[in-house]
Amino acid sequence: MPELPEAEYMVRRLAQYAGDAVIIRTRILRRGYPAPRRAAGRVASYGRRAKNVLLHLDTGHTLRVQLGMTGHIYWIENAKHPPQFTRVLFELAGGSAIAFEDSRVFGSIEIHPTTRLDEVFADYGPEPLDPAFHWQHLRGRAARLSLPIKQFLLDQSRLAGLGNIWAAESLFGAKIHPEQSVSGLSDDDWRRLHSAIRRALTRAIANTFKVTEHPEDFPGADLVWLNVYGREEKPCRRCRAPIVRTVQAGRATYFCPRCQPL
DNA sequence: TCGATCCTGTAG
DNA sequence: CTACAGGATCGA
(Lines give C-alpha, C1' and ligand atoms only; values in the text may rest on other atoms or scores of the structure.)
Protein backbone atom coordinates (compact mmCIF):
# COMPACT_ATOMS: atom_id res chain seq x y z
CA MET A 1 0.00 0.00 0.00
CA PRO A 2 2.46 2.61 0.95
CA GLU A 3 3.53 5.46 -1.23
CA LEU A 4 4.84 8.79 -0.05
CA PRO A 5 1.58 9.95 1.57
CA GLU A 6 1.28 6.81 3.69
CA ALA A 7 4.96 7.01 4.64
CA GLU A 8 4.38 10.57 5.78
CA TYR A 9 1.40 9.45 7.78
CA MET A 10 3.37 6.67 9.49
CA VAL A 11 6.14 9.08 10.41
CA ARG A 12 3.80 11.56 12.01
CA ARG A 13 1.94 8.86 13.85
CA LEU A 14 5.18 7.38 15.19
CA ALA A 15 6.31 10.79 16.40
CA GLN A 16 2.98 11.21 18.14
CA TYR A 17 2.72 7.79 19.80
CA ALA A 18 6.31 6.69 20.23
CA GLY A 19 7.85 10.10 20.70
CA ASP A 20 10.45 9.30 23.33
CA ALA A 21 11.07 5.71 22.35
CA VAL A 22 14.13 3.95 23.68
CA ILE A 23 14.88 0.81 21.71
CA ILE A 24 16.26 -1.77 24.11
CA ARG A 25 16.19 -4.76 21.79
CA THR A 26 15.57 -5.58 18.14
CA ARG A 27 13.98 -8.85 17.17
CA ILE A 28 13.81 -10.25 13.63
CA LEU A 29 10.65 -12.29 13.55
CA ARG A 30 11.31 -13.89 10.20
CA ARG A 31 14.51 -15.73 9.51
CA GLY A 32 16.72 -13.98 7.01
CA TYR A 33 14.70 -10.76 6.88
CA PRO A 34 17.02 -7.93 5.81
CA ALA A 35 17.25 -5.77 8.91
CA PRO A 36 19.95 -4.94 11.47
CA ARG A 37 20.00 -7.57 14.16
CA ARG A 38 21.04 -5.38 17.06
CA ALA A 39 19.91 -1.79 16.71
CA ALA A 40 19.42 0.08 19.99
CA GLY A 41 19.28 3.58 21.39
CA ARG A 42 16.93 6.45 21.97
CA VAL A 43 14.99 7.66 18.94
CA ALA A 44 15.94 11.30 18.69
CA SER A 45 13.55 12.03 15.82
CA TYR A 46 11.54 10.53 13.01
CA GLY A 47 11.73 11.54 9.39
CA ARG A 48 10.92 10.67 5.83
CA ARG A 49 12.84 10.70 2.57
CA ALA A 50 10.79 9.87 -0.52
CA LYS A 51 8.93 6.68 0.44
CA ASN A 52 11.31 5.74 3.26
CA VAL A 53 10.58 6.08 6.96
CA LEU A 54 13.57 7.18 9.04
CA LEU A 55 14.42 6.72 12.70
CA HIS A 56 17.29 8.89 13.82
CA LEU A 57 18.98 7.45 16.91
CA ASP A 58 20.91 9.43 19.48
CA THR A 59 23.86 7.15 18.74
CA GLY A 60 24.21 9.04 15.47
CA HIS A 61 22.77 6.16 13.46
CA THR A 62 19.84 6.28 11.08
CA LEU A 63 17.43 3.40 10.55
CA ARG A 64 16.13 3.49 6.99
CA VAL A 65 12.86 1.61 6.60
CA GLN A 66 12.03 0.69 3.03
CA LEU A 67 8.36 -0.16 3.09
CA GLY A 68 8.27 -2.13 -0.13
CA MET A 69 4.80 -2.97 -1.34
CA THR A 70 3.26 -3.92 1.97
CA GLY A 71 5.27 -2.33 4.75
CA HIS A 72 3.64 -0.70 7.75
CA ILE A 73 5.48 0.62 10.75
CA TYR A 74 3.71 1.80 13.87
CA TRP A 75 3.74 1.86 17.62
CA ILE A 76 2.03 -0.93 19.56
CA GLU A 77 1.27 -0.88 23.24
CA ASN A 78 2.31 -4.43 24.05
CA ALA A 79 5.52 -5.89 22.67
CA LYS A 80 4.31 -9.35 23.66
CA HIS A 81 1.60 -9.32 21.00
CA PRO A 82 2.99 -8.16 17.69
CA PRO A 83 0.60 -8.21 14.71
CA GLN A 84 0.54 -11.21 12.40
CA PHE A 85 2.98 -10.11 9.71
CA THR A 86 5.47 -8.31 11.90
CA ARG A 87 8.95 -8.99 10.52
CA VAL A 88 10.93 -6.71 12.81
CA LEU A 89 10.05 -5.70 16.34
CA PHE A 90 11.81 -2.84 18.10
CA GLU A 91 11.15 -3.44 21.77
CA LEU A 92 10.95 -0.23 23.77
CA ALA A 93 11.64 0.57 27.39
CA GLY A 94 8.36 0.26 29.26
CA GLY A 95 6.97 -2.76 27.41
CA SER A 96 5.68 -1.21 24.19
CA ALA A 97 7.24 -1.60 20.76
CA ILE A 98 7.53 -0.34 17.23
CA ALA A 99 6.33 -3.06 14.87
CA PHE A 100 7.33 -3.33 11.24
CA GLU A 101 4.79 -5.40 9.35
CA ASP A 102 5.60 -6.54 5.83
CA SER A 103 3.40 -9.35 4.61
CA ARG A 104 4.97 -9.62 1.18
CA VAL A 105 8.57 -9.39 2.42
CA PHE A 106 9.66 -6.85 -0.18
CA GLY A 107 10.77 -4.29 2.37
CA SER A 108 13.96 -3.96 4.35
CA ILE A 109 15.62 -1.97 7.12
CA GLU A 110 19.15 -0.64 6.87
CA ILE A 111 21.26 1.03 9.50
CA HIS A 112 23.59 3.84 8.51
CA PRO A 113 26.29 5.35 10.76
CA THR A 114 25.16 8.91 10.05
CA THR A 115 22.16 11.16 10.33
CA ARG A 116 22.96 12.99 7.11
CA LEU A 117 20.35 12.28 4.48
CA ASP A 118 22.61 13.20 1.60
CA GLU A 119 24.82 10.29 2.68
CA VAL A 120 22.05 7.79 3.29
CA PHE A 121 20.39 8.70 0.01
CA ALA A 122 23.38 9.57 -2.10
CA ASP A 123 21.79 8.09 -5.20
CA TYR A 124 18.39 9.77 -4.81
CA GLY A 125 16.95 12.58 -6.88
CA PRO A 126 15.22 15.66 -5.47
CA GLU A 127 12.40 15.45 -2.94
CA PRO A 128 9.18 16.55 -4.66
CA LEU A 129 7.78 18.54 -1.75
CA ASP A 130 11.06 20.26 -0.92
CA PRO A 131 10.52 24.00 -1.49
CA ALA A 132 13.87 24.05 -3.28
CA PHE A 133 12.60 21.60 -5.90
CA HIS A 134 11.93 23.36 -9.21
CA TRP A 135 10.80 22.27 -12.64
CA GLN A 136 14.26 22.89 -14.06
CA HIS A 137 15.53 19.99 -11.92
CA LEU A 138 13.21 17.66 -13.79
CA ARG A 139 14.24 18.97 -17.16
CA GLY A 140 17.92 18.80 -16.20
CA ARG A 141 17.75 15.21 -15.03
CA ALA A 142 15.97 14.21 -18.22
CA ALA A 143 18.58 15.76 -20.47
CA ARG A 144 19.91 13.41 -23.15
CA LEU A 145 17.50 10.67 -22.10
CA SER A 146 14.79 9.16 -24.24
CA LEU A 147 12.71 6.99 -21.95
CA PRO A 148 8.95 7.33 -21.39
CA ILE A 149 8.03 9.96 -18.82
CA LYS A 150 6.23 7.42 -16.61
CA GLN A 151 9.40 5.38 -16.17
CA PHE A 152 11.39 8.53 -15.57
CA LEU A 153 9.05 9.50 -12.75
CA LEU A 154 9.33 6.10 -11.09
CA ASP A 155 13.14 6.15 -11.07
CA GLN A 156 14.08 7.29 -7.56
CA SER A 157 17.51 8.45 -8.71
CA ARG A 158 15.89 11.03 -10.99
CA LEU A 159 13.01 12.13 -8.78
CA ALA A 160 12.58 10.49 -5.39
CA GLY A 161 9.15 9.81 -3.98
CA LEU A 162 6.68 8.95 -6.70
CA GLY A 163 5.21 5.46 -6.93
CA ASN A 164 2.90 3.91 -9.46
CA ILE A 165 -0.25 5.66 -8.25
CA TRP A 166 1.04 9.20 -8.00
CA ALA A 167 3.11 8.97 -11.15
CA ALA A 168 -0.11 8.18 -13.04
CA GLU A 169 -2.11 10.81 -11.18
CA SER A 170 0.54 13.48 -11.72
CA LEU A 171 0.64 12.79 -15.45
CA PHE A 172 -3.12 13.11 -15.61
CA GLY A 173 -2.91 16.43 -13.75
CA ALA A 174 -0.30 17.65 -16.23
CA LYS A 175 -2.18 16.23 -19.25
CA ILE A 176 0.83 14.25 -20.41
CA HIS A 177 0.66 10.76 -21.91
CA PRO A 178 2.62 8.19 -19.86
CA GLU A 179 4.41 6.90 -22.98
CA GLN A 180 5.58 10.37 -23.95
CA SER A 181 9.35 10.42 -24.29
CA VAL A 182 11.09 12.87 -21.95
CA SER A 183 13.09 14.11 -24.90
CA GLY A 184 9.94 15.55 -26.41
CA LEU A 185 8.69 17.55 -23.44
CA SER A 186 8.55 21.32 -23.67
CA ASP A 187 9.40 23.69 -20.84
CA ASP A 188 5.70 24.24 -20.38
CA ASP A 189 5.19 20.48 -20.04
CA TRP A 190 7.87 20.31 -17.34
CA ARG A 191 6.31 23.24 -15.51
CA ARG A 192 2.86 21.68 -15.54
CA LEU A 193 4.27 18.33 -14.49
CA HIS A 194 6.19 19.87 -11.61
CA SER A 195 3.15 21.60 -10.23
CA ALA A 196 0.90 18.58 -10.85
CA ILE A 197 3.26 16.38 -8.83
CA ARG A 198 3.25 18.76 -5.89
CA ARG A 199 -0.49 19.26 -6.02
CA ALA A 200 -1.18 15.54 -6.22
CA LEU A 201 1.11 14.66 -3.31
CA THR A 202 0.03 17.52 -1.09
CA ARG A 203 -3.59 16.64 -1.60
CA ALA A 204 -2.91 12.94 -1.11
CA ILE A 205 -1.23 13.52 2.24
CA ALA A 206 -4.18 15.56 3.45
CA ASN A 207 -6.60 12.89 2.23
CA THR A 208 -4.62 10.10 3.86
CA PHE A 209 -4.93 11.84 7.22
CA LYS A 210 -8.61 12.61 6.79
CA VAL A 211 -9.59 9.13 5.70
CA THR A 212 -7.41 7.31 8.20
CA GLU A 213 -8.32 9.44 11.19
CA HIS A 214 -12.03 9.66 10.39
CA PRO A 215 -13.00 6.64 8.30
CA GLU A 216 -16.63 7.03 9.35
CA ASP A 217 -16.82 10.26 7.38
CA PHE A 218 -15.80 8.49 4.18
CA PRO A 219 -17.94 5.36 3.92
CA GLY A 220 -16.74 2.95 1.29
CA ALA A 221 -13.63 4.99 0.57
CA ASP A 222 -10.61 3.53 2.30
CA LEU A 223 -8.44 5.24 -0.30
CA VAL A 224 -8.09 8.77 -1.49
CA TRP A 225 -9.87 10.26 -4.47
CA LEU A 226 -8.16 9.09 -7.65
CA ASN A 227 -8.62 10.35 -11.21
CA VAL A 228 -7.12 7.51 -13.23
CA TYR A 229 -5.39 4.87 -11.09
CA GLY A 230 -7.51 1.73 -10.90
CA ARG A 231 -10.28 3.32 -12.97
CA GLU A 232 -10.00 1.31 -16.20
CA GLU A 233 -13.11 1.73 -18.41
CA LYS A 234 -14.58 4.25 -16.00
CA PRO A 235 -15.38 7.71 -17.38
CA CYS A 236 -12.72 10.35 -17.06
CA ARG A 237 -13.80 12.83 -14.42
CA ARG A 238 -12.78 15.65 -16.72
CA CYS A 239 -14.04 14.59 -20.16
CA ARG A 240 -16.01 11.35 -19.66
CA ALA A 241 -13.84 9.35 -22.08
CA PRO A 242 -13.12 5.83 -20.74
CA ILE A 243 -9.86 5.51 -18.80
CA VAL A 244 -7.35 3.17 -20.44
CA ARG A 245 -5.12 0.64 -18.69
CA THR A 246 -1.87 -0.48 -20.27
CA VAL A 247 1.31 -2.10 -19.02
CA GLN A 248 4.58 -0.22 -19.07
CA ALA A 249 7.83 -1.86 -17.95
CA GLY A 250 5.77 -4.49 -16.18
CA ARG A 251 3.65 -2.02 -14.23
CA ALA A 252 0.02 -1.10 -14.76
CA THR A 253 -0.47 2.36 -16.21
CA TYR A 254 -3.72 4.31 -16.33
CA PHE A 255 -4.50 7.42 -18.31
CA CYS A 256 -7.22 9.29 -20.14
CA PRO A 257 -6.63 8.97 -23.91
CA ARG A 258 -8.45 12.23 -24.59
CA CYS A 259 -6.98 14.45 -21.85
CA GLN A 260 -3.50 12.95 -22.25
CA PRO A 261 -2.88 12.63 -26.00
CA LEU A 262 0.49 11.45 -27.23
C1' DT B 1 17.40 -0.51 -20.72
C1' DC B 2 14.47 -4.63 -20.27
C1' DG B 3 12.29 -8.60 -18.12
C1' DA B 4 12.45 -11.70 -14.37
C1' DT B 5 12.20 -12.04 -9.68
C1' DC B 6 11.86 -11.74 -4.55
C1' DC B 7 7.02 -13.52 -1.44
C1' DT B 8 2.36 -13.48 0.19
C1' DG B 9 -2.38 -11.81 0.36
C1' DT B 10 -6.64 -10.73 -1.81
C1' DA B 11 -10.09 -10.29 -5.42
C1' DG B 12 -12.47 -12.27 -9.16
C1' DC C 1 -7.99 -21.71 -9.39
C1' DT C 2 -5.70 -17.48 -11.75
C1' DA C 3 -4.53 -12.75 -12.03
C1' DC C 4 -2.88 -9.05 -9.88
C1' DA C 5 -0.76 -6.00 -6.35
C1' DG C 6 0.80 0.89 -4.53
C1' DG C 7 8.68 -1.50 -4.93
C1' DA C 8 13.22 -2.12 -6.10
C1' DT C 9 17.13 -4.87 -7.59
C1' DC C 10 19.68 -7.79 -10.54
C1' DG C 11 21.62 -10.04 -14.52
C1' DA C 12 21.50 -10.39 -19.46
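Colleague: Why does A50 count as buried?

Modeller: The relative accessibility of A50 is 0%. Buried means under 20% relative accessible area, exposed means over 50%, and partly exposed lies in between (1.4 Å probe, protein chains only). A50 has 0%, so A50 counts as buried.

Colleague: What are the ground rules for such values?

Modeller: This is a predicted model, where local features need pLDDT of at least 70 and side-chain atom pairs count only at pLDDT 80 or more, while totals for chains, interfaces and linings use all residues. Residues are numbered from 1 along each chain as its sequence is written, chains are lettered from A and ligands numbered from 1 in the order in which they are written, and side-chain values use heavy atoms, with hydrogens and water left out.

Colleague: Where does A50 lie, and what is its phi?

Modeller: A50 sits in the loop between β2 and β3 (52–57). Helices (H or I, at least four residues) and strands (E, at least two) are DSSP runs, numbered from the N terminus. Phi of A50 is positive, about 55°, although A50 is not a glycine.

Colleague: What is the phi of R240, and where is R240 found?

Modeller: R240 has a phi near 75°, a positive value in a residue other than glycine. R240 belongs to the loop between α6 (187–213) and β9 (244–248).

Colleague: Is R240 buried or exposed, and how do you know?

Modeller: The relative accessibility of R240 is 57%. That value is over 50%, so R240 counts as exposed.

Colleague: Which residues gather with R240 in a patch, and what makes it a patch of positive charge?

Modeller: K175, R199, R203, K234, R237 and R238 gather with R240 on the surface. Lys and Arg count as positive, Asp and Glu as negative, and His and the chain ends are not counted. Patch residues have over 30% relative accessible area and no salt bridge; like charges are joined within 9 Å, and nonpolar side chains (Val, Leu, Ile, Met, Phe, Trp, Tyr) within 5 Å.

Colleague: How do you know that E8 and R48 form a salt bridge?

Modeller: The closest N and O atoms of E8 and R48 are 2.6 Å apart. A salt bridge is a side-chain nitrogen of Lys or Arg within 4 Å of a carboxyl oxygen of Asp or Glu. At 2.6 Å, the pair therefore qualifies. How many salt bridges are there? The structure holds 15.

Colleague: What makes E8 and R48 a link between distant parts of the chain?

Modeller: E8 is in helix α1 (residues 4–17), R48 is in strand β2 (residues 41–49), and 40 residues separate them.

Colleague: Why are E8 and R48 called buried?

Modeller: E8 has 14% relative accessibility, so E8 counts as buried. R48 has 18%, so R48 is buried too.

Colleague: Which other partner does R48 have?

Modeller: R48 also forms a salt bridge with E127, where the closest N and O atoms are 2.6 Å apart. E127 lies in the loop between α2 (117–120) and α3 (135–141), 79 residues from R48. E127 is buried, and so is R48. Shared partners join E8, R12, R48, R49 and E127 into one salt-bridge network.

Colleague: What ties E91 to R27?

Modeller: A salt bridge, with the closest N and O atoms 3.0 Å apart. E91 is in strand β6 and R27 in strand β1 (residues 22–28), so the pair ties together parts that are 64 residues apart in sequence.

Colleague: Which labels do E91 and R27 get, and why?

Modeller: E91 has a relative accessible area of 12%, so E91 is buried. R27 has 31%, so R27 is partly exposed.

Colleague: What makes Q156 buried, and where is Q156?

Modeller: Q156 is in the loop between α4 (149–154) and α5 (164–174). At 16% relative accessibility, Q156 counts as buried.

Colleague: Which backbone atoms does the side chain of Q156 reach?

Modeller: The side chain of Q156 reaches the backbone oxygen of L154 at 3.2 Å. A polar atom of that side chain also lies 2.9 Å from the backbone nitrogen of G161.

Colleague: Why is N78 called partly exposed?

Modeller: The relative accessibility of N78 is 35%, so N78 counts as partly exposed. N78 is in the loop between β5 (71–76) and β6 (86–92).

Definitions and conventions: Accessible areas come from the Shrake-Rupley method with a 1.4 Å probe; for residues, only the protein chains shown count as cover. The place of a charge is taken as NZ of Lys, CZ of Arg, CG of Asp or CD of Glu. A polar contact is a pair of N or O atoms within 3.5 Å; within protein, one must be able to donate a hydrogen and the other to accept it, and residues adjacent in sequence count only if both atoms are side-chain atoms.
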